[in-house]
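Subject: Handing over the structure

Hello,

Here is the structure I promised to pass on to you. Please open it beside this message, and then read on for what turned up.

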Amino acid sequence: MAEQKNDLMDKIVSLSKRRGFIFPSSEIYGGFAAVYDFGPYGVELARAIREAWWKAMVSDHDNIVGLDSAIFVHPKVWEASGHVGGFSDPLAECKACHSRVRVDHLLEEAGVQADEKMTDDDINKLFSEHKDSIACPKCGKKSFTEAKSFNLLVQSNLGNFTGDWTVAPTYLRGETCQGIYINFKNVLDSSRVKVPFGVAQIGKAFRNEITARQFIFRKREFEQMEMQYFVRPEEASATYEEWRAKRWQYYLDLGIREENLRWHEHENLVFYAKAAWDIEYKFPFGFKELEGIHNRSDYDLTQHSKCSGVDLSYRDPQSGEKFTPWIIETSVGLDRTFLAVMTEAYTEEAVGENDIRIVLKLPKKLAPVQVAVFPLLKNKPELVARARELFSLLKEDFRVEFDDNGNVGKRYRRQDEIGTPYCVTVDFDTIGAGEDKSLEGTVTVRDRDTMKQERVKVKELQGYFERNLKR
Ligand code: ATP
């Protein structure tokens, strides 16, 4: 049976809930739009994705270091970065039901093509011309207000004990990279890095996204994995191309099929950017941004030097030459990677005439459970004890689950749905109580993708998984 793409998104959402990957936030209170929680298997998959990114960006390089900066920063950071003034989406309100909708999305859905080069002002003008013929997606009435800009930064009252809103508000960070820029000098002074070098960070970011849709693709609380690479100005263009190539390869290594990836070049660059390309992934709702790769020139360090009064230039230790490094940025969302990986892995296979096997063909290195260990029967203490022993041994090195619910067939189905590459069954032969005594000390290992089973010696299991779980 062919995979049915049309309702693929619904199937992924349903599997995510049913099997404990992703839960809608605050469900018992009716939900909380565009916020989600990772369940027991989701949290393991997310950790494995973070690890893969960290390995590719930090461990595999000798000149990239990590950072974990705070979510809160001095309010001036967001002024210096331009977010207070310019981090906004144009929005219109339906006069009938008062829902607020992104104007660019309304235009897109009404079939009015906004040119990518258009500024917010141009888009607002275009909306003004068409708004009387555009129906509200919620109530269907055609009565939108003019568009207004809506800032995406999420405000907090941290430290404001007076409740006085004339005091500059603190924000929850809208992106993680500002924490890297403001620590540029600290990293330089405390570690042995020299330009060119990179600083990588994984952490939460918050945005007041107006349209809550497309599952975890657009969340209000999400996680970014960003790396800022500081280079000599004259090397920026060549370094940019190197990072583009590396980041493309990273997705192939993560098991994403090349035909589901494509490049998108930004034409409408912000004034300081020298180049901006996105890697887009073919999500169930079409090709959309997965990662942005940007040549940001010397804008960030110059801005923070100016606004803080602290010199953030760099002195070459050999030549003594002083300059402000340029920044090449790679920025991807953990949540979007998660959704891409799930989309790529979700498979339905026909079993017999009218049954379907749902399998998450996750890369083995990412699977939330890498090995499931079963006793053939749960009411045979000798089998259970041996399986428990094996479970304890293997979980030292791999992500392992012990499962004795239902029959083995049901357990296979469940493990297939969560993407477990290998299931190990301890049976009577294993403990020398079966007919074939030559099988004593062996177990059945079942492969998720081929469904083939083979007998493997217990003492060779660790090596077997070490070889096979790298991919
Ligand atoms: P979009 O155009 O889709 O809103 P963006 O261009 O605003 O994204 P960036 O500011 O470049 O995104 O952020 C870098 C990365 O962070 C994106 O490529 C994406 O993977 C992730 N990201 C951004 N906003 C969200 C969000 N609301 N939910 C989940 N991930 C996000």
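**A loop residue to begin with**

M451 has a relative accessibility of 37%, so M451 counts as partly exposed. You will find M451 in the loop between β22 and β23. The phi angle of M451 is positive, about 65°, although M451 is not a glycine. Most residues other than glycine have a negative phi, and most peptide bonds are trans. Please keep in mind throughout that this is a predicted model.

**The whole protein**

Now a step back for the overall view. The protein holds 14 helices and 23 strands. Its C-alpha trace spans about 80 × 65 × 50 Å along the principal axes. Of the 471 residues, 51% are buried. If you take the contacts between residues at least 6 apart in sequence, 65% of them join residues at least 24 apart.

In soluble globular proteins, nonpolar side chains tend to be buried together. Here the largest nonpolar core has 58 residues, and F21, W53, Y251 and F338 are the members that touch the most others. Helix α2 (residues 40–59) gives this core its largest share, nine residues.

Leaving aside residues up to four places away in sequence, the contacts of W53 include A200, Q201, I202, M225, E226 and M227. R247, Y250 and V332 are also touched by W53, as is V58.

**Two packed helices**

How do α2 and α11 pack? Helix α11 covers residues 334–345, and α2 packs with α11 at an angle of about 110°, the axes being 10 Å apart. That angle makes α2 roughly perpendicular to α11. On the α2 side, the contact is made by G42, L45, A46, I49 and R50, and on the α11 side by L334, T337, F338, V341 and M342. Seven of the residues in this contact are nonpolar, two are polar and one is charged.

Next comes an open sheet of five strands, in the order β20-β19-β21-β22-β23 and with mixed pairing. Its edge strands are β20 (400–402) and β23 (453–457), each of which pairs on one side only. From one strand to the next, the twist averages 25°. Strand β19 (residues 371–375) pairs with β20 in the parallel sense, over three bridges. Within that pair, A372 has E401 of β20 as its bridge partner.

Two helices lie across these strands. Helix α13 (residues 408–418) lies across β19, β20, β21 (422–426), β22 (442–447) and β23, and α13 runs at about 170° to β19. Helix α14 (residues 461–468) lies across β19, β21, β22 and β23, running at about 170° to β21.

**A three-stranded sheet**

There is also an open sheet of three strands, ordered β5-β4-β6, with antiparallel pairing. At its edges stand β5 (100–102) and β6 (148–151); each has a single partner strand, so one side of each has no neighbour in the sheet. Ignoring direction, neighbouring strands of this sheet are turned against each other by 50° on average. Strand β4 (residues 88–93) and β5 pair in the antiparallel sense over three bridges, and E93 stands opposite R100 in β5.

**Around helix α10**

Is S297 buried or exposed? With a relative accessibility of 5%, S297 counts as buried. S297 sits in the loop between β13 (286–295) and α10 (299–308). Phi of S297 is positive, near 55°, in a residue other than glycine.

In α10 itself, the buried residues include Y299, D300, L301, Q303, H304 and S305. Among the elements that cover the buried residues of α10 are α3 (75–80), α7 (177–181), α8, β10 (221–231) and β16 (326–333). After α10 comes G309, with a positive phi near 80°.

P196 belongs to the loop between α8 (184–190) and β9 (197–206).

Technical notes. Residues numbered from 1 in each chain as written. Predicted model: local features only at pLDDT ≥ 70, side-chain atom pairs only at ≥ 80, totals over all residues. Heavy atoms only, no water. Core = buried A, V, L, I, M, F, W, Y, C linked by side-chain atoms within 4.5 Å. Buried < 20%, exposed > 50% of the residue type's maximum accessible area, 1.4 Å probe, protein only. Helix = DSSP H or I, 4+ residues; strand = E, 2+ residues; numbered from the N terminus. Contact = heavy atoms within 4.5 Å. Axes fitted to C-alpha atoms, helices over the stretch in contact; angles between N-to-C directions. Parallel < 35°, antiparallel > 145°, perpendicular 65-115°, else oblique. Nonpolar A, V, L, I, M, F, W, Y, C, P; charged D, E, K, R; others polar. Pairing = 2+ DSSP bridges.
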